Amino acid sequence: MLSQQLFSKTVFRCKIQVLTLILLVMASAACSQSTFEERQDRLLAVASQQPYKDFLIITAKLRTGVEVPSALSMLDSLTRDESIGGMFYAYGLIGAYLYNRDLLPDSLHRKIRRSYSERKMVRGDTENHWVMYYTGLYLAAQTWPNEDGAQWFNGKSSAENFKEAEAWLNFWIKLTATKGQGEFDSPTYFITFVPPMLILHDFAQDPVMKKKAQMMLDYLFADFAAEHLAGNYGGGHSRDYPQDIINPLTAHSTKWAWLYFGEPDVEPWSEARGKSRHRAWETVFGAVSSYRLPEIIRQIATDRSAPYVHTETKRVRNVIRFGEQKNPRVYKYTYMTSDYVLGSLQGGILQPIQQHTWDVTFVSDKPNNTLFTLHPFYSGKELAMFFPEEQKVLSDEVNRFHLVYTDPNKWNSSSPYEQTFQHKNALIVLYNIDKDAKHQHIDGFFPKTLDERVEDSSGWIFCKAGKTYIAFFTFKKYEWIEEEANWRWRSHDRQNGVVVEIGTEADYGAFDEFKKRFQQAKVEHQNFDTNLTVKYTAQDGVVMQFTYGGQRLLNGKPVDFASYKSFNGPFLQSEAGSGVLKMTYKNHTRILDFNRIAIEEKTNRK
Amino acid sequence: MKSHTDQKLTLKNLLVIGDTEMELAQKFIKKLFPRGFLIRVEYLMLLFIFASPLTARQSGKICVAVLFNSTKSNVASGDRYVGVFVREKDEAEWQSISNTNLFAFGISFSQHGATQRYYIAGGNGLHRSSDGGKSWKILTSWQTMEVLSVASDPVDSTVIYVATPYGIFKSTDDGTSWTEKMRGFKTWYTDEVIIDRRDRRTLYAATEEDLYRSTDGAENWSPLKVGAPGMRTIVQHPANFNIFLIGTEDHDVRVTLDNGKSWKAGVGMPATAIYAIHASSDGKEIYAGGFRSGVWRSEDMGQTWQQIWTAPEIEAIYSLLVDPADANHVMVGTNGKGIYESYDKGKTWKQAGLDGAHVKQIAFYPF
């Protein structure tokens, strides 16, 4: 009788929970001014309804009480499936376990423990792989201490694994705070850095490591925030997938922007602006974590009341051969406005395979809200700079994993034959393609969702995208190739250049006025074939002179990349190598000091 | 790619008298005659030949290191052909003896006393098994990444060297800790490290820029000025220790007959990448293979070469092995096409399993 009553009560509670969730689901996307807590609940409600067998969906189901038996069955299956493992598994399993430990039966506790003995937690070969692997290993070794090597997949004891994972995490945090990430500002791989830091923050027993994880989360989100515009991750990117490059709001980083910054107002699972490449429910760990984004970072991410220049230095991932430095510096320049963000890396090979050197991304209700050019480069030698396998077969190998690597039509590429020079809203991109390069053309992405694309007799191509106006000039002839989502601008000259300047309705008024102004603009490139030099006078009167392989002159003065700081802009300041990041918003500052592992907050009362 | 086999206390090696073998023999003598009975080592060799207390211990097992299945992802588990596999010489089926999901670049064996060890140079570190492959432990930590080659000291079991994209690392405490050993190197990428058959403190390192030699246990290195960049593999001739053959990235085989004083290009071979070189146990026949090269053979210490086999479906040959007990039996490991073998010195070939795998090294079990 008693058990019947208990059963009835439980059923009643479940019904109430489900009803609440349904109501939450119904309270759909319309609430654009939602709070973080509302978005957390909404995310969990939607994620808990998903059928996918992964640790995030399982966590959502267990935390909301939706389909609990199904979630337990999924988790059980994931511990038994010997075909899976690797670094995603290593951190995902311990995350799901630690967030839901109290809800699991004893048999699952044992199976999960056994997974760290029997599954092969391969470490991988990239920065994001290592963050996931070592975070997973750190927390697993902490969870099951005092066990010998026979109980672990790699033959090392709990103490050895913990020590190794702790040492690497400390190394990575210090390296990132002083020299930046190698896989920096990646709309795709952002999801592989944040969730491990969330579980490290929530479950590291060592208060110092816990604090470091909190500071790394602040750091990662601040890094994103300064280049964030309405859900888009602006600026150049170390690694990105083509689909996310040509349709920025479908990138994984947008899902995190929605949860933590409250932008864009379209929910991540909506396909209003295109379908995401992956389901990417990693944000579920954000919805259950105790980490809270400092308000100052959200403000930095969303206040676009005044345009600003923001520069950064990052590092190239480990160069193992054909280079003089192990981690050369990467220089980023980003110009942010309320309508668009124009950003660039200096060019060259800064990351293999998936580099995105420059683009202008504009605020739009339509998909494919970006425009950029590239040289589609590939070579075994480029890959051999970073990977130890035989360079003559590497291109084909990479092609198997990143299906477009050798594709002449690919939309992500690093090229040793591309260099940029940016000043605020103006950008020069020069190409000097070697005669032996596999692909001998330059491509540009012009989305079909532009309101207008006009080829002017002056040689300029003018584009209108909402309130954003784009002036695009090239030195040589070109052709247009129509594709599903875009017009592909293609130049077949190995030596060529592009000048881009962006304006807005607020700057110029009508689009015709913008066009008129640029019809008079001076682009001096007549001797480009012999001296690879162009001189351009921007609308603000600043003269940009750029020689491929030579100097970048601004009103005759050379740009000195060596003086670049780790972060330099109105919101973020960090001296190169200092390990101290200062965030500023109005009269409020937040300082992350990675030397002292300290966070300092100040509010100046005026 | 790594055709070097470790020094080991076997009759086959003891027959080839060099400094290392002298040391091994002296140790053996000390064990036999702890009070310091004097005997010329050469006589001891003869004693071994006739009494054969250590009979030739090459088992019939063939061991291969497999990098990964070319059709699967590199971030998840579940690849069919990843790790280290063994088979009996006359069997067809390969059995995995390593952890799965291990990118295996090379394998090595050592025997010190009764302890037999297997080493795997792996993408996530140096793996070692002391129980015949039943269990494995990763010896290296995060600082020693992507181990491409391993060489263990033939006398002192606590001394181990590894080649990595970040240089040479040495352990003198049985793999517990590792120290970078790059004094004299201009660049850091190192594909392979081997120990000289005559002197265990002399090592050779194949770097991107040149072949380097150390005569003091990796403390200091000097370039040998091979004259072509991109060292891919090093082989010391099994019968004449002054002869070294180097496979290079774009300049085929380079050979020295005078212990590295002078180098010349192998004649007859087009300029290409050579990833694998291996010699028959008597050194009379040397085989080489690489990128779109087919298999080449030299019968004059690597000075001239003839192509003996080519197959359009095979893009690259990563590894080679001449059966030490049967010079007619030659095996090649390919990129993505598994193993091929010939029982008539390379006239005819057949696929021998692991199709789909990149086979980075083939070796015989030494015990």
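Predicted model: local features only at pLDDT ≥ 70, side-chain atom pairs only at ≥ 80, totals over all residues.

Trainee: Why are helix 9 and helix 12 of chain A called oblique to each other?

Mentor: Helix 9 (residues 190-203) and helix 12 (residues 252-261) of chain A pack at about 45°, with axes 8 Å apart. Angles under 35 degrees count as roughly parallel, over 145 as roughly antiparallel, 65 to 115 as roughly perpendicular and the rest as oblique. The two helices are therefore oblique.

Trainee: What makes helix 3 of chain A roughly parallel to helix 5 of chain A?

Mentor: Helix 3 (residues 55-64) and helix 5 (residues 86-100) of chain A pack at about 5°, their axes being 9 Å apart. That angle makes them roughly parallel. Among the residues that meet are F55(A) and I58(A) from helix 3, and L93(A) and A96(A) from helix 5. Being in contact means that C-beta atoms, placed from the backbone, lie within 7 Å.

Trainee: Which strands of the open sheet in chain B stand at the edges, and why?

Mentor: The sheet has four strands in the order 24-25-26-27, paired antiparallel. Strand 24 (317-322) and strand 27 (350-351) of chain B are at the edges, because each has a single partner strand, so one side of each lacks a neighbour in the sheet.

Trainee: How do you know that strand 26 of chain B pairs with strand 27 of chain B?

Mentor: Pairing requires DSSP to find at least two bridges between two strands. Two bridges join strand 26 (residues 339-342) to strand 27 of chain B, and E341(B) stands opposite K350(B) in strand 27.

Trainee: What radius of gyration does chain A have, and how does it compare with a compact globule?

Mentor: The rule for a globule is 2.2 Å times the number of residues to the power 0.38, and the radius is taken over C-alpha atoms. For 606 residues that gives a value near 25 Å; chain A has 25 Å, so the two agree.

Trainee: How much of chain A is buried?

Mentor: Buried residues make up 53% of the 606, where buried means 20 or more other C-beta atoms within 10 Å of a residue's own.

Conventions. Residues numbered from 1 in each chain as written. Chains lettered and ligands numbered in written order. Axes fitted to C-alpha atoms, helices over the stretch in contact; angles between N-to-C directions. Contact = placed C-beta atoms within 7 Å. Buried ≥ 20, exposed ≤ 12 C-beta atoms within 10 Å, placed from the backbone.
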